[in-house]
Amino acid sequence: MSQLDPPNANAEVSALLEENRIFHCSNEFKSHAVVKNADIYQSARENRENFWAECANKLEWFQKWNKVLEWKPPYAKWFIGGKLNASYNCLDRHIKAPLRNKAALIWEGEPGDQRTLTYWDLYREVNKLANAIKSLGVKKGDRVAIYMPMIPEAVIAMLACARIGAIHTVVFGGFSAEALKDRILDAQANLLITADGGYRRGNVIALKNTANNALKDCPCIKNVIVVKRTNTNVDFQPGRDHWYHEITKSVADYCEPEPMDSEDILYILYTSGTTGKPKGVIHTTGGYMTAVTLTTHWVFDLKPEDVFWCTADVGWVTGHSYIVYGPLSNGATQVIYEGSPDWPERNRFWKIIAKYGVSIFYTAPTAIRAFMKWGTDWPEGCDLSSLRLLGSVGEPINPEAWIWYHKYIGREKCPVVDTWWQTETGSILIAPLPALIGQKPGSATKPLPGIEAKILTENGTEIKEGGGYLALTSPWPSMLRGIYGDAQRFEETYWNKWPNGIYFTGDGAKLDADGYFWLLGRVDDVINVAGHRIGTMEIESALVDHPAVAEAAVVGIADEIKGQAIAAFVTLKEGNTSDKKMEDTLKQHVVEKIGSIARPSKILFTADLPKTRSGKIMRRLLRDVGEGRALGDVTTLADSSVVETLKKKYEKET
Ligand code: WTA
């Protein structure tokens, strides 16, 4: 067995990994590919700034930059002096061209309703909303929170903010009132754009009511714009709340796009880190737009005739970069779907692909593993022949899932691009250019042209073959520019592990003899549940917030579908009973504090947690317990019997 085999690899997949099989695209694919000349890797390496400047030239700038890069680690500035507008690049330049009436968004709601917006339609809507937002007194640099279901207005809201230079911060619609409140307060947003509700698995998710709860403690919010989606009864606060359809009725059709400095902030997006408080990752305009435009075009081999479908939610960075800014800047036609893949049946995605002739499909390994479990009858019953390229993002894809995706969804004809990147990186950094880099199932392959990634040891020595920490060793245009309001955390989290401006990704990875990168997951206290990042500390804070809890430790344990699941070890205060009812109460408490994505799948009550003599909780041992493994080294524990007792108890309960 190869070293890289996952423990659950079946015989077919093991054999394939053993022979180090590389999947190449067909000659037909290659002859039409967007990038066919491998020299691009070398030329980008030789003159990285020149490479990125040429990419930036593909955007329309109101004013050209006078310097490509200023790098004072860890602070980078790209395309200094340049002026542009993201919404202008996504809309105005297309409506001046033959794309004017091309479909931009083909949207399907979960109940089956459908809307298609051409570039012209989208342009009109964005302009009107931009004027409406302006009429509420929102100005360039102000923060606007967006809390929406997956409906076209979510995209419109983001672009309307970008048009007037307001900074959007999108909060995933599955987050709780408390999580929404924390983000609004951290960003000090003055406007919230939301909807009455959205549909998920046949239910209405009452977003406005959740937002109302959040807003009780958000004095900074002066106005709320509400899209009518589900006709749910909502409490309206006169003066503060406005219906979207009313406020956009009597405004002008055109709003001048604000010329933004290349380094002006486009958005803030909160993501989990290793402390209890989420980080507001800052992205600016010129470098970000350059990199998302390029990577959408190159990695997905995007052509004008393609129908692109990224299944992410706009609440995550994948939705920002590969639903909104990357595809629209390229003039792509996209499908957006509001709901769940198994509603009303487990073939909803495949039906959508067949219905709209989707040619490029981008989803997450957790979804692929669920499809595998549901069986091949579902995709086999639908015509998937329009597909020509598949993508994966969000977590390591296990070789089995890769092979299944390639075989049953791609009919062994579609290249599969496994794309590694992060909220912080803004755009895809490690992925194949499909016509140039053959794919190995389970490997994100190689850094893209213009990107420099290495595997380093703890003390910064480069590993040419083998495992270590994934590091980015030179700046790239879409890199985060900071953490909103917390420069110190920015420096400590990403830049202090090694000297000289080397970025620490928080991921472990291996490099094989062919120079392929194999991502191994997080090495910090962040877990990746179904492709969503959640900090263990965040969940621990939510648990100890409950009056019955004395102490809590949370770890990620392997899960067949979600990649990782959340296991919580909880010590209760005296006088509380550790029963099923308490378990449910605590799970619900976490859902209320953060959202259902953070619901622990297991809670184990324990009188003590395994700690070192200095009082540090040994999570490694908790992971051993949670995954049913033999216990690792216990010699540093203050009391080694604690973990033995825990293990016995856990084995009995599972
Ligand atoms: C993980 C999502 C392996 C990784 C775009 C990273 C991946 C974190 C991959 C970022 C991949 C993302 N292979 N792991 N192709 N893509 N990850 O910020 O651990 O939500 O650090 O960005 O997801 O998650 P985030």
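Hi everyone, let's start with overall size: the protein chain has 654 residues, and a compact globule of that length would have a radius of gyration near 26 Å, so the chain's 24 Å agrees with that. The radius here is taken over C-alpha atoms, and the globule rule is 2.2 Å times the number of residues to the power 0.38.

Before going further, a word on where this comes from. This is a predicted model, in which local features need pLDDT of at least 70 and side-chain atom pairs count only at pLDDT 80 or more, while totals for chains, interfaces and linings use all residues. Residues are numbered from 1 along each chain as its sequence is written, and side-chain values use heavy atoms, with hydrogens and water left out.

Along the principal axes, the C-alpha atoms of the protein chain fill a box of roughly 70 × 60 × 55 Å. The chain holds 21 helices and 30 strands; these are DSSP runs numbered from the N terminus, with helices being H or I of at least four residues and strands being E of at least two. Of the 654 residues, 61% are buried, where buried means under 20% relative accessible area, exposed means over 50%, and partly exposed is in between, with a 1.4 Å probe and protein chains only.

How much accessible surface does the protein chain have? About 24,900 Å², and 49% of that belongs to carbon and sulfur atoms. Such areas come from the Shrake-Rupley method with a 1.4 Å probe, and for residues only the protein chains shown count as cover. As for contacts, meaning heavy atoms within 4.5 Å, take those in the chain with a separation of 6 or more: 71% of them are between residues 24 or more positions apart.

Let's move to the ligand. It is surrounded by 17 residues, and the closest are Asp418, Thr419, Thr423, Arg522 and Arg533. A residue counts as near if one of its heavy atoms lies within 4 Å. By class, this shell has six nonpolar, six polar and five charged residues. For that tally, Ala, Val, Leu, Ile, Met, Phe, Trp, Tyr, Cys and Pro are nonpolar, Asp, Glu, Lys and Arg are charged, and the others, Gly among them, are polar. Helix H12 (317-329), strand E20 (416-419) and strand E25 (517-522) each supply at least two residues of the shell.

Which backbone atoms sit by the ligand's nitrogen atoms? A polar backbone atom of Thr419 is 2.8 Å from a nitrogen atom of the ligand. For Pro396, the distance from a polar backbone atom to a ligand nitrogen is 3.4 Å, and a backbone N or O atom of Glu395 also lies 3.4 Å from a nitrogen atom of the ligand. Taken alone, the ligand exposes 530 Å², and the protein buries 97% of that. A polar contact, by the way, is a pair of N or O atoms within 3.5 Å; within protein, one must be able to donate a hydrogen and the other to accept it, and residues adjacent in sequence count only if both atoms are side-chain atoms.

Next, helix H16, residues 399-409. Nine of its 11 residues are buried, so the helix is largely enclosed by the rest of the structure. Among the buried ones are Trp402, Trp404 and His406. H16 is followed by Arg411, found in the loop between H16 and E20. Is Arg411 buried or partly exposed? At 26% relative accessibility, Arg411 counts as partly exposed.

That brings us to some backbone details. Most residues other than glycine have a negative phi, and most peptide bonds are trans. Arg411, however, has a positive phi near 50°. Arg201 also has a positive phi, near 50°, and lies in the loop between strand E9 (198-200) and strand E10 (203-205). There are cis peptide bonds to look at too: one joins Pro73 and Pro74, with omega about 0°, and another joins Trp343 and Pro344, with omega about -5°. Pro74 sits in the loop between strand E1 (67-72) and strand E2 (75-80).

Last stop, Thr285. This residue is in the loop between strand E15 (279-284) and helix H11 (286-299), and is buried, with a relative accessible area of 2%. A polar atom of the Thr285 side chain lies 2.8 Å from the backbone oxygen of Asp264. Leaving out residues up to four places away in sequence, Thr285 touches several others, including Leu84, Ala86 and Met260.
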